[in-house]
Amino acid sequence: MFKTVLIANRGEIARRIIKTCKRLNIRTVAVYSEADESSLHVKEADEAHLIGPARVNESYLNVDRIIEVAKETNTDAIHPGYGLLSENTDFAKRIEDEGITFIGPDAYAINQMGSKLTARRTMEEAGVPIIPGTNDPIANTEEAKAFANKIGYPVMLKASHGGGGIGMQIVHDDAELEKAFESNARRAEQFFGNGTMFIEKVIEDAHHVEIQLLADTHGNVLHLFDRECSIQRRHQKVIEEAPSPLLTEDTRQKMAEAAIKAAKAINYKNAGTIEFLVDEDQNFYFLEMNTRLQVEHPVTELITGTDLVEQQLKVAYGEELTLKQEELNIQGHSIEARIYAEDPKTFFPSPGKITKILLPEAPYIRHDIAVEDGYQVTPYYDPMIAKLIVSGNTREEAVENLKKALEQYEVEGIKTNIPLLRDILELQAFKDGQTRTSFIQEHILINQ
């Protein structure tokens, strides 16, 4: 097994990776920006190195400095976590060229799935259902309007290289499309260095359901069931659960088979997730592939008893998966609530000093958290500061456990989305498992 792993990330995911590495007696190297000097992941790693100023492009996206630290510390492998450089083809290739192991898929697979247009074409060729839309870039507004009128409004305008909801917008008519096309293309160019746009038909009343995969270098690919991720704001997830309360067993099996087919089409290795949109009739369509560990991976770990980071490390080291598909089964139910440092009504970030934090404790609670008393939440990074994960024998029990945990969760000094999370759990639609992607707009924002 690897002797030293550098974690090219920060916050709770860096702590999560350190935890598994310590259990496996792997030395860890943390990197940090000037703003993160006193962060928990810096304190917990065996070694920590400053890589630049607060802004991500000068620190956590500074590939040269990260590689420099990896060499200085005799690092065997680099774990990218999620976000930041985790799906950056050039970063993965650079690591490979330096003779360091990238804990994730190879650069080819990242590249194939990194462009949503390339991914659509690849999945269609593999026989995986895709959403009706364009498989080629839309050159301009006039071309966009022509295609939108052909398939019918509403349509989703998307950036081919986008993520995190950036460059995405639902449009309902020509006038709205004219306003949205150029602005989203510019935004995508600014954030991703590529303003290529395309269009997909909006799947009405859709659910966002994903399949967790593991694939090794020996040709084995298996799934670890599904996650429901429909409760979102600004196309970013807020609550996730496993398994999905929507799927029938027949649909669950068909989606898993389609996800495995998708992974095999690009000779995928390591952990990955195939995301689908599912309509009310249980028809499902490929949305995208995340070629990394997901934020919501804990709910899968809890229903399968599997440490996904450990599996990533073993696969990257060249070991064959010892897990067998026929031996995996769903054990109870798990729900994750993302705790954001943001205004619960406007969703605007709320940086500042945490003067007090009180975490609920119970056997059914897991905390993946990046902050503590006195922590300064800065405006430089994603506002997610923690994840509250609960489990139960049934979905109903897990929901009740999450309600109890959120009632006891206290954060002072900054605003958080905890009031929003509490409101969601009280809604009958949530209790019934009717958690469409439009959930917050339909049930929360409409009443504000």
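Start by selecting Pro243, which sits in the loop between strand S11 (236-242) and helix H9; helices here are DSSP runs of H or I with at least four residues, strands are DSSP runs of E with at least two, and both are numbered from the N terminus. The peptide bond that joins Ala242 and Pro243 is cis, with an omega of about -5°. Before moving on, note that this is a predicted model, in which local features need pLDDT of at least 70 and side-chain atom pairs count only at pLDDT 80 or more, while totals for chains, interfaces and linings use all residues. Residues are numbered from 1 along each chain as its sequence is written, and side-chain values use heavy atoms, with hydrogens and water left out.

Next, select helix H9, residues 249-265. Its 17 residues should span 24 Å at 1.5 Å a residue, and because its end C-alpha atoms are 24 Å apart, the expectation and the model agree; the expected span is 1.5 Å times one less than the number of residues. Now colour the buried residues of H9, which are Thr251, Arg252, Met255, Ala256, Ala258, Ala259, Ile260, Ala262 and Ala263. Here buried means under 20% relative accessible area, exposed means over 50%, and partly exposed lies in between, using a 1.4 Å probe and protein chains only. As you look along the helix, keep one general point in mind: an α-helix has 3.6 residues a turn, so residues three or four places apart point the same way.

What covers those buried residues of H9? Show helix H6 (116-126) together with strands S9 (207-215), S10 (221-233), S12 (270-278) and S13 (284-290), which are included in the cover. Just after H9, select Asn267, which takes a positive phi of about 55°.

Pro154 lies in the loop between helix H7 (141-151) and strand S6 (155-159).

Then turn to two asparagines in loops. Asn25, in the loop between helix H1 (11-23) and strand S2 (27-33), has a positive phi of about 60° although it is not a glycine. Is Asn25 buried or exposed? Asn25 is exposed, with a relative accessible area of 70%. Asn74, in the loop between helix H3 (63-72) and strand S4 (77-79), is likewise not a glycine and has a positive phi of about 55°; at 62% relative accessibility, Asn74 counts as exposed.

Leaving aside neighbours within four places in sequence, Thr4 is in contact with Ile26, Arg27, Val29, Thr73, Asn74, Thr75, Asp76 and Ala77, where contact means heavy atoms within 4.5 Å. If you draw a distance from Thr4 to Asp46, the two are 9.6 Å apart, C-alpha to C-alpha, and 42 residues apart in sequence.

Finally, zoom out to the whole chain, which has 15 helices and 20 strands. The C-alpha atoms fill a box of roughly 60 × 50 × 45 Å, taken along the principal axes. Buried residues make up 58% of the 448 residues. Among contacts between residues at least 6 apart in sequence, 65% join residues at least 24 apart.
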